[in-house]
Amino acid sequence: MKRLISFPVILISLFACAQVAPPEPFGPVPSERQMAWHQLEYYMFIHFTVNTFTDKEWGYGDEDESVFNPSDLDCRQWAKVASDAGMKGILITAKHHDGFCLWPSDYTGHSVKNSPWKDGKGDILRDLRLACEEYGLKMGVYLSPWDRNSAVYGTPEYLTYYRNQLRELLTEYGDIFEVWFDGANGGDGYYGGARETRRIDNKTYYDWTNTHQIVRDLQPLAVMFSDAGPDVRWVGNERGLGSLTNWSLLKKDDMYPGGNFAGILGTGHEDGNYWVPAEVDVSIRPGWFYHARQDSQVRSPENLMELYYSSVGRNSNLLLNVPPDRRGLLHEKDVESLLRFRELREKEFETDLARGKKTISSDNRGRDFKSSNVTDGDPATYWATPDNVAEGKLIIKLGKETEVNRIILQEYIKLGQRIQEFRVEALEGKEWKEVAAGTTIGYKVIRRFPVVKTSQIRVTISKAKACPTISNVELYRAPGD
Ligand code: FUL
């Protein structure tokens with residue numbers, strides 16, 4: 001009998017079906033907690049304390065607890081607005097520099113328990129926890145290291161006080177997704193009546209290693225933010241500006257909170273030895289706390305959209321501050337802006353024109369890493385080139401002439417951040433026309449460009465530290481030109 005399939009063909013088919021190993025991770029990679037954090041992208045910051053009632057940004061620490069008296073405080077309103085705005089969580093100033101605690105801490109009288117609000121029986125952290133649960137939001141806490149109220153601030157005793165408060169927050173209010181350690185430190189204050197200036201040594205005073213360990217022990221899935229991490233870094237400005245070149249990598253051993261590192265915090269270190277991605281913290285108003293005089297200065301929906309492009313669009317998360325007013329409610333103007341910003345965003349990214357479309361690539365690692373993985377909508381699959389190929393081209397075939405003006409690119413960061421240079425081109429007639437170019441990608445970049453009518457988009461990785469891995473490419477036609 002004649003053989004239908006020849007022996008070499010069988011061999012070739014077997015070879016083609018053989019599983020090719022995934023690339024080895026390159027450099028630092030995100031931890032599980034960091035990976036979950038990346039996916040949140042956009043969440044709310046709440047600044048609320050005695051300052052809301054004294055009209056200040058930094059309370060001196062001598063405020064009488066009686067000033068704290070919101071008339072209609074409603075954490076459910078905050079959570080509903082956050083959820084309606086498309087945010088994934090709320091991070092609250094449990095204690096700001098003035099030392100006033102929004103929960104009835106056992107370690108100080110300077111808290112809600114001595115305020116007229118709910119006759120001293122209230123607990124904002126508890127209310128917020130319940131509201132976050134109701135609306136499916138994550139909850140995070142800011143606990144200012146600098147405490148202008150505490151008599152023992154500046155002495156070793158303060159560390160015990162600070163850590164006791166941290167333990168209360170991390171054990172009594174459920175799962176915390178992020179703990180925020182502010183870099184602003186030391187200076188003048190009330191300090192239990194001393195009314196003096198106290199300087200501390202940022203590098204040594206707080207003994208951060210042991211404080212961080214408390215967070216790891218009590219909330220292993222929480223990320224910690226401070227200027228230089230350990231898990232999430234400051235972006236280096238409060239204007240909402242992520243850096244175009246943005247490595248989620250940092251040489252953080254030489255850095256400390258409050259140090260003068262603003263520039264490098266924006267870009268990160270290309271050769272950093274830790275995974276420490278950037279978070280953009282910015283306020284919807286000029287101040288972090290509510291001031292009635294700023295009611296006319298709330299950022300517009302269009303301005304929030306700009307912030308979105310310069311943060312989430314530049315490989316950073318967006319922590320947008322929306323300060324409650326003296327009622328204890330998010331102000332109508334802020335709410336309107338947030339909701340209209342959500343509408344704008346939804347229109348901007350309405351239909352992914354790349355989803356399910358055919359792709360071609362210069363180099364394939366094997367069928368598990370085929371180029372169509374970038375248009376399948378599944379973040380767990382990715383296109384990868386063979387180990388020795390650090391450059392690559394990927395074409396998305398749109399099937400017909402289509403208008404496009406936005407692109408989203410995502411690396412498969414579980415294997416590290418690799419890409420150093422990329423380019424995006426559109427086929428116009430027989431010519432490839434460049435529409436966007438950049439350096440790093442990381443978890444996500446979003447690029448805008450003038451409308452092109454094209455049937456094919458080509459993404460070129462022209463420089464990478466190791467074989468590129470790309471998990472996602474999306475294309476949109478946003479309204480307007
Ligand atoms: C700064 C603080 O001093 C501001 O008051 C605000 O809390 C901002 C988010 O961080 O360092």
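**Buried cysteines, core packing and a helix pair**

Cys101 is buried in this predicted model, with a relative accessible area of 0%. This value lies under the 20% limit for a buried residue. Cys132 is likewise buried, and its relative accessible area is 0%. A search for disulfides across the whole structure returned zero. Cys101 takes part in no such bond, the nearest cysteine sulfur being that of Cys75, 16 Å away. For Cys132, the closest cysteine sulfur is also in Cys75, at 8.2 Å. Because two sulfur atoms must lie within 2.5 Å to be assigned as a disulfide, the 8.2 Å separation between Cys132 and Cys75 is too far for a bond.

Cys101 is also among the contacts of His110. His110 is located in the loop that runs between strand 2 (89-95) and helix 5 (124-135). With a relative accessible area of 3%, His110 is buried. When residues up to four places away in sequence are left aside, His110 touches Gly61, Glu63 and Glu65, together with Asp98, Gly99, Phe100, Cys101 and Asn149.

The largest nonpolar core comprises 78 residues, of which Trp78, Ile124 and Leu338 touch the most other members. Helix 6 (residues 156-172) supplies the largest share of this core, seven residues. Both domain 1 (32-348) and domain 2 (358-476) contribute to this core, with at least three residues drawn from each. A second, separate core contains 27 residues, including Trp383, Ala426, Val435 and Val445. In soluble globular proteins, nonpolar side chains tend to be buried together.

Helix 4 (residues 75-84) packs against helix 10 (residues 332-348) at an angle of about 25°, and their axes are 9 Å apart. Since angles under 35 degrees count as roughly parallel, helix 4 and helix 10 are described as roughly parallel to each other.

Key. Residues are numbered from 1 along each chain as its sequence is written. This is a predicted model: local features need pLDDT of at least 70, side-chain atom pairs count only at pLDDT 80 or more; totals for chains, interfaces and linings use all residues. Side-chain values use heavy atoms; hydrogens and water are left out. Helices (H or I, at least four residues) and strands (E, at least two) are DSSP runs, numbered from the N terminus. Buried means under 20% relative accessible area, exposed over 50%, partly exposed in between (1.4 Å probe, protein chains only). Contact means heavy atoms within 4.5 Å. A nonpolar core is a set of buried Ala, Val, Leu, Ile, Met, Phe, Trp, Tyr and Cys residues joined through side-chain atoms within 4.5 Å. Domain bounds come from an automatic or database domain assignment. Axes are lines fitted to C-alpha atoms, for helices over the stretch in contact, and angles run from 0 to 180 degrees between N-to-C directions. Angles under 35 degrees count as roughly parallel, over 145 as roughly antiparallel, 65 to 115 as roughly perpendicular and the rest as oblique.
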